[in-house]
Amino acid sequence: MIRPGVNGAFGGGAIALVATAAYALSMVMVRLYSRTESNVAMIFYGNIVVIAATGVQMPFLWLTPGWGDGGLLALVGFLGGVGTLMLAQGFRMATPSLVVPFEYTGMIWGVALSFLSGVISLTFGLGSGLSLS
């Protein structure tokens with residue numbers, strides 16, 4: 001949720017808007033490319049784009065993780081990869097109108113986990129409830 005007037009037109013709100021548009025475009029592209037490409041090929045090419053875009057920042061921002069953090073990073077990478085394969089297969093087999101509602105559960109999970117960690121403010125909770133209704 002973006003509260004008007006808090007951060008202006010730039011900052012986190014603009015990043016969220018660009019990320020949402022890029023994600024929507026990627027879902028459309030998955031549907032189109034699933035006719036000719038395998039799931040593994042689509043995910044590989046998508047990851048190459050992400051590596052190229054974020055790799056330029058790596059020399060300036062990289063912090064070597066400890067063993068515990070490295071293990072969690074590997075677990076998140078594995079689960080994310082499996083989830084991405086399943087999502088690509090879902091878009092291949094079903095119409096987007098059947099698959100996309102499952103994507104909206106991400107908003108519910110985000111709100112629930114934020115609530116459990118004590119991050120949610122009253123205005124955020126009210127705005128999220130209004131959006132979900």
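Helix α4 has 27 residues. From its first C-alpha to its last it reaches 39 Å, close to the 39 Å expected at 1.5 Å a residue. The expected span is 1.5 Å times one less than the number of residues. Helices here are DSSP runs of H or I with at least four residues, strands are runs of E with at least two, and both are numbered from the N terminus. The model is predicted: local features need pLDDT of at least 70, side-chain atom pairs count only at pLDDT 80 or more, and totals for chains, interfaces and linings use all residues. Residues are numbered from 1 along each chain as its sequence is written, and side-chain values use heavy atoms, with hydrogens and water left out.

Now the whole chain. The protein chain has seven helices and zero strands. From the N terminus on, its elements run α-α-α-α-α-α-α. Of its 133 residues, 10% count as buried. Buried means under 20% relative accessible area, exposed means over 50%, and partly exposed lies in between, using a 1.4 Å probe and protein chains only. Take contacts between residues at least 6 apart in sequence: 67% of them join residues at least 24 apart. A contact means heavy atoms within 4.5 Å.

Back to α4, which spans residues 67-93. Its buried residues are Leu87, Ala88 and Phe91. Helix α5 covers residues 96-103. The two helices pack at an angle of about 150 degrees, with their axes 8 Å apart. That angle makes α4 roughly antiparallel to α5. The crossing is right-handed. On the α4 side, Leu87, Gly90 and Phe91 make the contact.

Some conventions apply here. Axes are lines fitted to C-alpha atoms, for helices over the stretch in contact, and angles run from 0 to 180 degrees between N-to-C directions. Angles under 35 degrees count as roughly parallel, over 145 as roughly antiparallel, 65 to 115 as roughly perpendicular, and the rest as oblique. A crossing is right-handed if the near helix is turned clockwise from the far one by less than a right angle, and left-handed if anticlockwise.

Helix α2 also meets α4. Their axes come within 10 Å and cross at roughly 120 degrees. So α2 is oblique to α4. This crossing is right-handed. Asn39, Val40, Met42 and Ile43 of α2 make the contact with Thr84, Leu85, Ala88, Gln89 and Arg92 of α4.

Helix α2 itself runs over residues 39-55. Its 17 residues should span 24 Å at 1.5 Å a residue, and its end C-alpha atoms are 23 Å apart, which agrees. Its buried residues are Asn39, Ala41, Met42 and Ile43.

Look at Asn39. Why does Asn39 count as buried? Because its relative accessibility is 11%. Not counting residues up to four places away in sequence, Asn39 touches Leu85, Ala88, Gln89 and Arg92. Asn39 and Ala88 are 49 residues apart along the chain, yet their C-alpha atoms are separated by 6.1 Å. The side chain of Asn39 also makes a polar contact with the side chain of Gln89, at 2.6 Å. A polar contact is a pair of N or O atoms within 3.5 Å; within protein, one must be able to donate a hydrogen and the other to accept it, and residues adjacent in sequence count only if both atoms are side-chain atoms.

Arg35 lies in the loop between α1 (12-33) and α2. At 66% relative accessibility, Arg35 counts as exposed.
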